[in-house]
Amino acid sequence: MPNKLKLGIPKGSLQESTFELFKKAGWTIRPTGRSYFPEVDDPELEIMLIRAQEMARYVEDKVLDAGISGIDWVTESGCRVRKVADLIYAKQGLRKVRWVLAVPEASKIKTVKELKGKRIATELVNVSKKWLKEKKVKAEVEFSWGATEAKPPELADAIIELTETGSSLKANHLKIIDTVLESNTVVIANAECLDDAWKKEKLNSIVILLQGALNAEARVGLKMNVIKSRLRNVLLLLPALQTPTVSELSNPDWVDVDTIIDEKVVRDLIPQLKKAGAQGIVEYPLNKVIY
């Protein structure tokens with residue numbers, strides 16, 4: 001029987017962005033109807049869709065060898081699993097997310113200290129209780145099954161809720177008064193998986209390519225031809241991961257310059273490069289950047 005790694009992928013808000021990340025890393029995952037076992041073009045992989053909140057438990061229980069979840073839910077679960085790597089991406093972008101303490105905009109509550117004896121609704125109960133204990137605040141923390149943002153002020157005095165941009169909280173007329181936890185996506189595994197040489201190597205290979213795909217997400221490649229007499233002027237304009245690559249061309253008076261830069265600076269940089277003497281400037285997308 002061939003070796004196979006059982007990997008959990010988060011079902012729900014992170015599902016599509018995770019599928020897209022795997023696609024860029026080199027794997028095509030195809031959902032099959034309502035099945036929790038999507039197809040993947042790798043005979044050494046078995047994918048299962050699991051809610052992020054439950055991922056650590058199934059990894060700990062060895063139903064899965066490894067999984068992708070949020071460090072928030074791993075911490076909340078209390079399960080004994082090992083973090084293999086951080087993957088900084090969320091539903092809407094390449095950023096971390098926050099669990100925040102929020103109250104109605106009209107509330108007079110301004111700090112966590114003022115929540116003594118009050119009711120707080122959240123899905124992240126264990127982490128919230130620990131955080132309040134560290135703040136020396138005794139409050140009632142109750143589990144919320146969803147629609148948490150709609151509970152204040154009638155059903156709760158405050159909430160501890162996950163936010164990426166804060167827009168949903170604003171839409172529900174809530175204001176943030178503190179940050180409870182900063183979280184990001186992580187790859188986790190159980191000890192048995194990491195003690196298995198083949199599974200550990202397979203998982204590490206996947207992580208390298210996923211991180212490479214994330215590294216490439218906000219970057220592009222630039223290549224151009226530069227006459228040697230203007231090369232210094234062009235190089236002074238170019239940021240790079242290390243240093244730009246300069247290669248000789250068939251014409252001994254010219255060189256080819258290649259570099260990788262943040263995509264957000266390209267629109268300002270290209271006109272400057274042109275002015276400095278660069279010609280034949282080509283911008284191209286990147287699939288992976290491996291450090």
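A residue counts as buried when its relative accessible area is under 20%. Tryptophan 99, at 1%, is therefore buried, and this tour of a predicted model starts there.

**Stop 1: the aromatic pairs**

Select tryptophan 99 together with tryptophan 73. The two form an edge-to-face aromatic pair, with 5.5 Å from centre to centre and 90 degrees between the planes. Tryptophan 73 sits in helix 3 (residues 71-77) and tryptophan 99 in strand 7 (residues 97-104), so the pair links distant parts of the chain, 26 residues apart. Tryptophan 73 has a relative accessibility of 12% and therefore also counts as buried.

The model has three aromatic pairs. For another of them, select phenylalanine 22 and tryptophan 27, which are arranged edge-to-face at 6.1 Å centre to centre, with 65 degrees between the planes. Is phenylalanine 22 buried or exposed? Phenylalanine 22 is buried, its relative accessible area being 0%.

**Stop 2: a charge over a ring**

Now select arginine 57 and tyrosine 58. Arginine 57 lies over the face of tyrosine 58, at 4.7 Å from the ring centre.

**Stop 3: the largest pocket**

Strand 10 gives the largest share, three residues. Then colour the lining by residue class: 14 residues are polar, 10 are charged and nine are nonpolar.

**Stop 4: the salt bridges**

The count of salt bridges comes to 15.

Select lysine 62 and glutamate 192. Their side chains meet in a salt bridge of 3.6 Å, N to O. Lysine 62 is in the loop between helix 2 and strand 5, while glutamate 192 is in helix 6 (residues 191-195), so the pair ties together parts 130 residues apart in sequence. Lysine 62 is partly exposed at 48% relative accessibility, and glutamate 192 is partly exposed at 48%.

Next, select arginine 119 and glutamate 142, a salt bridge in which the closest N and O atoms are 3.8 Å apart. Which parts of the chain does this pair tie together? Arginine 119 belongs to strand 8 (residues 119-122) and glutamate 142 to strand 9 (residues 140-143), so the parts tied together are 23 residues apart in sequence. Arginine 119 is partly exposed, with a relative accessibility of 34%, and glutamate 142 is partly exposed, with 24%.

The pair of lysine 83 and aspartate 86 has its closest N and O atoms 3.1 Å apart. Lysine 83 is partly exposed at 48%, as is aspartate 86 at 31%.

For the network, select Asp42, Glu44 and Lys202, which salt bridges link together.

**Stop 5**

Move to lysine 200, in helix 7 (residues 197-217). Lysine 200 is partly exposed, with 40% relative accessibility.

**Stop 5: backbone details**

Select proline 152 and proline 153. The peptide bond that joins them is cis, with omega about 0 degrees. Proline 153 is in the loop between strand 9 and strand 10.

Two further selections concern phi. Lysine 136 has phi near 60 degrees, a positive value in a residue other than glycine. Its place is the loop between helix 4 (125-134) and strand 9, and lysine 136 counts as exposed at 73% relative accessibility. Where is histidine 173 found? Histidine 173 is in the loop between helix 5 and strand 11 (174-183). Its phi is also positive, near 60 degrees, and with a relative accessibility of 52% histidine 173 counts as exposed.

How values were computed:
Residues numbered from 1 in each chain as written. Predicted model: local features only at pLDDT ≥ 70, side-chain atom pairs only at ≥ 80, totals over all residues. Heavy atoms only, no water. Phe/Tyr/Trp six-rings, centres within 6.5 Å; stacked < 30°, edge-to-face > 60°. Buried < 20%, exposed > 50% of the residue type's maximum accessible area, 1.4 Å probe, protein only. Helix = DSSP H or I, 4+ residues; strand = E, 2+ residues; numbered from the N terminus. Lys NZ or Arg CZ within 6 Å of the ring centre and 35° of its normal. Nonpolar A, V, L, I, M, F, W, Y, C, P; charged D, E, K, R; others polar. Salt bridge = Lys/Arg side-chain N within 4 Å of Asp/Glu carboxyl O.
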